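I'm opening my notebook on this one and jotting things down as I look them up. Can you keep the picture open beside you while you read?

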Amino acid sequence: MKEVSDLTSRLPLKQHLRNTKTVLKMVNKLDPYWLPLCGAGHLLSVTNEYLALILSAYILDALGRGGEFQEIFKVTAIFVGVMFLLGNAVSWLRLRAEAKQAPLYTQYHALTEEKMLDMDFARINSPECEILKRRIQEDLNWSAGLFSVFGSVDNILRSILNLIGAVAVGFPVLGVMAMSGQAGIWVTLLAAVAVSAATTVIGSRYMALFNQRLNGFTDTMEERAPFLGWAFANGAQFNYQNGKDVRIYRAHGLMKRYALDNGNLSEDMAHYRKLSGYRGKSGFCQVASGQLLEGMAYIIVGILALAGFVTLGNVLRFAGCMRNLFGEADALTKIVPEMFLNIRKHMSTMEFLELENEMYNGSLPVEKRRDGEYRIEFRNVSFRYPGSRQYALKNFSMKLRVGERLAIVGMNGSGKTTMIKLLCRLYDPDEGEILLNGVDIRKFRQKEYLKLFSVVFQDFRLFSLPLGENVASDCRYDGEKVKKCIREAGLGERLEQMPEGIDTYLYKDYEDGVEISGGEAQKVAIARAVCKDAPFVLLDEPTAALDPISEYEIYKEFDHIVGDKTAIYISHRLSSCRFCERIAVFHEGQVVQMGSHKELLQEKGGKYLELWNAQAQYYQ
Amino acid sequence: MDRKKHSIASNLRFWIRYYLKNEPGIFWISILDILLQPCFFMLALYFPKVTLALIEEQAAPERLTLVLAVYTLLFLTAKGISRGMSAFNDMALNKERQNVVFKTFLKSLRIGYAYTESEEGRNDFRKAVEVQNRGSGSASSQFAFIIRGLAGTVLTFVLYSTVLGTLNIWMVFILLGLACMGYLLDIRENRFQNSLRHEEAVTEKHFFYMKTAMGNASAAKDIRIFGMRGWLRERMNKVTAAREKLERRRAVWIWKNGFLGRILNLVRDLGAYAYLIYMASAGDMTVSDFVLYFSAITGFSGFIREMASGLAGLQQASEDTEWVRGYLEMPEEDISIGSRHVSELARPISIEFRDVSFSYVSGESRTEIFSHLNLQIGAGEKLALVGANGAGKTTLVKLLCGFYEPEEGAIYLNGIDAREFPKAERYSLFSVVFQEMFFPPVRVDESIALQEAESVDQDRLQEALKKAKMWDVLQEKGIAMDQYMGNLKKGGIELSGGQNQRLLLARALYQDGAVLVLDEPTAALDPIAESQVYDAYQEYSHGKTSVFISHRLASTGFSDRIVLLDHGKIAEMGSHGELMEKNGLYAEMFRIQSSYYQENVDEEHQ
């Protein structure tokens, strides 16, 4: 992975332009009309602005030469009428462009989440991914995400068009200036431009210092004491139920330190004041240089008018144009770097979007077999979780028999869930291979291969979307089949009570749906697994807080539902798996025992007996 | 929350007080800015007029240069300072708006737990954070921005009126009339925007839900196995499509409403031009005055509408403020002073539930959990609390700790009504292992002890970790106390569910409260680890009153007494032997659970 983006270093202009192109291309891909609409809107709006200047010049001159009211007013009325019509068009174009921003924003910011759907599972929780994601968050923290880019691009379009307008309408003044031969004018002009340019340079220096400091601060985040204010407040690292621990264990001091104080440390505050100072000074310089040029424009045109080179009416026109010319040129020197920076803040997002999957995705199709004859074998598989030194599975071998019921038992960390994760290709083994009908599973098309498995994970997730969609894992589904699965999972009665049947939303996070209990959620997850109708079903320790009887009932019920499919059950409770023909005992990443309950109990000194005794002693 | 409605003025005072206390610069800079605004507006108005007037009277070029240079300098200073100060202020405002969120969060830890857990309390909290999580659109920032703009505009408006009044006092009234009509259109637009707000909030809620759903790492397994990509993506597209439709509707409506406004402006401009051109062409007005008055007329209505929209914005900001203020002004629990102190209690302490009734109330619905419950736990007694899911075990613990208050009856500690102790003190009597695991991503020792590193007694923590059989695990993994938990920092510590559960145990042992409560402390443990916990339980609970809650009846063997809860009632009570002899519900449950572990299991079940 590339080093995470860094906003402080200098970039060559070429790179900036490339960045801009990348982001604008993305925006254009998401909505090809936004940019043209912005451009058209500004074009007409700038036209209108200069029409107003031309009109005022006309009126003043006409008044100056003692024109008639009727004559002057007639021309004025035509101008005003045209400007009115143009104004309506401008408003329409601007509104349409604005209307596109919020949807564009949602689409764009959904891309990173969409990426999470496509990324290798192993990568999702990897430190690289976490750091990049945090970088994205930091990069976008001080801006309004894509809205900042909209703002910058929009501003630049307007500035450029305004600049062109100023030149087109004001260019005669240059001729006048040259003709006048007044040396004072050139001196004034040069002096003002010089002072203004100096102010601009100072202002942008402050802005650069600001950005440098701000981002430099972000870069040292890793070394500084963590600040968790937002993580706590937005629920990422704190749940209201944790309030119990805080009260019982008097964690208020600790919480205050990480949620408030660490963000307001004196060094941080000093830094913050410095930042504010830079912002303030650069704000002053920005305004000052603009006003300086405006004043200068009036002085020059005023002197020309006094010397009779410019009419009274044209004073406003030329001063206006000159003000715009210098003003926009000056503005561009600020908003272009600002746009570059705003766009650069999206480069971490782009980098994230371009992360490539490393997992090999084969091209072999998975044969669809009615008879479910899929043989799976783990052959000398070893695996370590990324960044871990310990093997989760070590030289692990096992065969799954078609149509069998296999129970997997073992202590925490013995590799039970890891085996499932490898089987479902959430991770690939470091050594050894997993074979499907004798072929390494990496050689199959991943999407097709995954169709073979239905898993109810310990930490399964439902979404706050309609019940039917949750079961079908899709927007469109066969209602009858879904209902059947729900009934099979034992939720038939509950379904009857639901106000909208299978279209009822679950929970209240998305729509005002129905709350379901943990047990019911589990049944929905089971219905989902059933609905997938895969030849392998795996049940990984349903909610551990279930009482043993209910747990056994769930397993038993599930076993009945899955019919003649191959099923694998994982549990701590040995009692839950007693209907299984074969029990695999995992220990330290290996299968240490395999056999029926009865056989395993015979093996004196075996792990199974130890586990069994640990539980059984309390029931003797 | 007691939703007291405050006036805008009262909410303004609230923020002024807040800023004066926390960041007084914000207040003073705002005042300065309010005074500067009319200055540069007036300078901008007079600048072209002065230029033209100087040309009209054929002033010397030096004089023109000097006068305009002075004007420019004044203008530049006023506007520059205003802008610079605002930029400075924006940073401070942004800082404070975030601090408000963090203070709101910290507040949520010091008010009644039952409220923070209720749907109402969660909603109040969410709203209080949400109104502060809108960048510069947050309640605290909005108040400052709008007041600053509004006050500046009012002052400028007065000055403009004076200028126009000198020309023609009727002009002021006509313009006021036109501006009022424009204002009515603005009100109409505001009303329309408000009518969309709900729909907009819904699409935003949907967007954020789908965003987190898609990006949720803990759902990633399910998403892949069940091929949910297409489903979630399509849902997200629906959200975007809904937003698009909404925005299109908004654009069309605003354009139509704006059309009426533009017609008003057309009338105003034509009228102004006609009047001014007439005056000037008749020789009653100089060209420079023409320019001055025309800018004043077109600028005038802008100020009125700005004031109107400022007021509307203030109304909204005030409503938003209610959420934050309501939360921040809620009384803290510790403030409710008790007449006794827990230090008076001789340990171990005895506990008595006397005639306790309790129901969960959510809106209209009311679920009764306990009705006139009586239960005594002797000093130093080890009680096992068993029963099916929903029998009321966890509620009982919450009542005991003081998270919930009984509706009727009371809980006595050593015979003293528990309400007589300050809440904060009462909490500290208990060491509880809750079902929900809470490990903030802070230093390892802090995360376990929930205390700041300096105040963690490392020896005692080590002791507690050893008792909970975690010390060796941490040593083996090479985890030091100054490393960080979670994945927020590079090299952060992540442990398995079973290991975390034992850390919770260590936390409870470290606190060493008078009463030990273990709520399903072994749910995530494998059989051997579970058995270790059982074996060590005697040691954990030595010299304490303790309550052990479990589904697993195996846990009852080492308790002095078992209480079987069934639908909020004490169905059976006694020692294991007594209850087995009684041959009731407990005995039946025990037999079912233990049947598998009997030697003849295979015969029985096949």
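**The bent helix.** I started with helix 7 (residues 169–215) of chain B, which has a kink of about 35° centred on Arg197(B). The bend at a residue is the angle between axes fitted to the seven residues ending there and the seven starting there. For helices I use DSSP runs of H or I with at least four residues, for strands runs of E with at least two, and both are numbered from the N terminus.

The model is predicted, so local features need pLDDT of at least 70 and side-chain atom pairs count only at pLDDT 80 or more, while totals for chains, interfaces and linings use all residues. Residues are numbered from 1 along each chain as its sequence is written, and chains are lettered from A and ligands numbered from 1 in the order in which they are written.

Back to helix 7 of chain B: I found buried residues including Met171(B), Leu175(B), Tyr183(B), His206(B) and Met214(B). A residue is buried if 20 or more other C-beta atoms lie within 10 Å of its own, exposed if 12 or fewer, and partly exposed in between, with C-beta atoms placed from the backbone. What do the buried residues of helix 7 of chain B pack against? They pack against helix 3 of chain A, and also against helix 6 (139–167), helix 9 (229–281) and helix 10 (287–328) of chain B.

**Between the chains.** I looked up the contact next, and it takes 130 residues from chain A and 145 residues from chain B. Two residues are in contact if their C-beta atoms, placed from the backbone, lie within 7 Å. On the side of chain A that touches chain B, the largest share, 24 residues, comes from helix 3 (residues 69–118) of chain A. That side of chain A has 70 nonpolar, 35 polar and 25 charged residues. In this count Ala, Val, Leu, Ile, Met, Phe, Trp, Tyr, Cys and Pro are nonpolar, Asp, Glu, Lys and Arg are charged, and the others, Gly among them, are polar.

**Domains of chain A.** Chain A is assigned domain 1 (29–225 + 265–354) and domain 2 (376–619), with bounds from an automatic or database domain assignment. I get 58 Å between the centres of domain 1 and domain 2 of chain A, taken over C-alpha atoms. Four residues of domain 1 of chain A are in contact with four residues of domain 2 of chain A. The domain 1 side of that contact divides into three nonpolar, one polar and no charged.

I picked Thr188(A), which sits in helix 8 (residues 183–219) of chain A. Is Thr188(A) partly exposed or buried, and why? Thr188(A) counts as partly exposed because it has 17 C-beta neighbours inside 10 Å. Leaving out residues up to four places away in sequence, Thr188(A) touches Met296(A), Ile299(A) and Ile300(A). Thr188(A) and Ile299(A) are 111 residues apart in sequence, but 8.4 Å apart in space, C-alpha to C-alpha.

**Sheet in chain A.** Here four strands form an open sheet in the order 2-1-4-5, with antiparallel pairing. Two strands pair if DSSP finds at least two bridges between them. Strand 2 and strand 5 (439–440) of chain A are at the edges with a single partner strand each, so one side of each has no neighbour in the sheet. Strand 1 (residues 376–384) and strand 2 (residues 391–400) of chain A pair over six bridges, and Phe378(A) stands opposite Met398(A). These two strands form a hairpin with six residues between them, and Gly387(A) in the turn has a positive phi of about 80°. Strand 1 of chain A is also joined by five bridges to strand 4 (residues 431–436) of chain A, where Ile434(A) is the bridge partner of Phe378(A).

**Sheet in chain B.** I found six strands in an open sheet, in the order 6-7-8-3-9-10, with mixed pairing. On average, neighbouring strands of this sheet are turned by 15° against each other, direction ignored. Strand 3 (residues 382–386) and strand 9 (residues 561–566) of chain B run parallel, joined by four bridges, and Leu383(B) stands opposite Arg561(B).

How values were computed:
Axes are lines fitted to C-alpha atoms, for helices over the stretch in contact, and angles run from 0 to 180 degrees between N-to-C directions.
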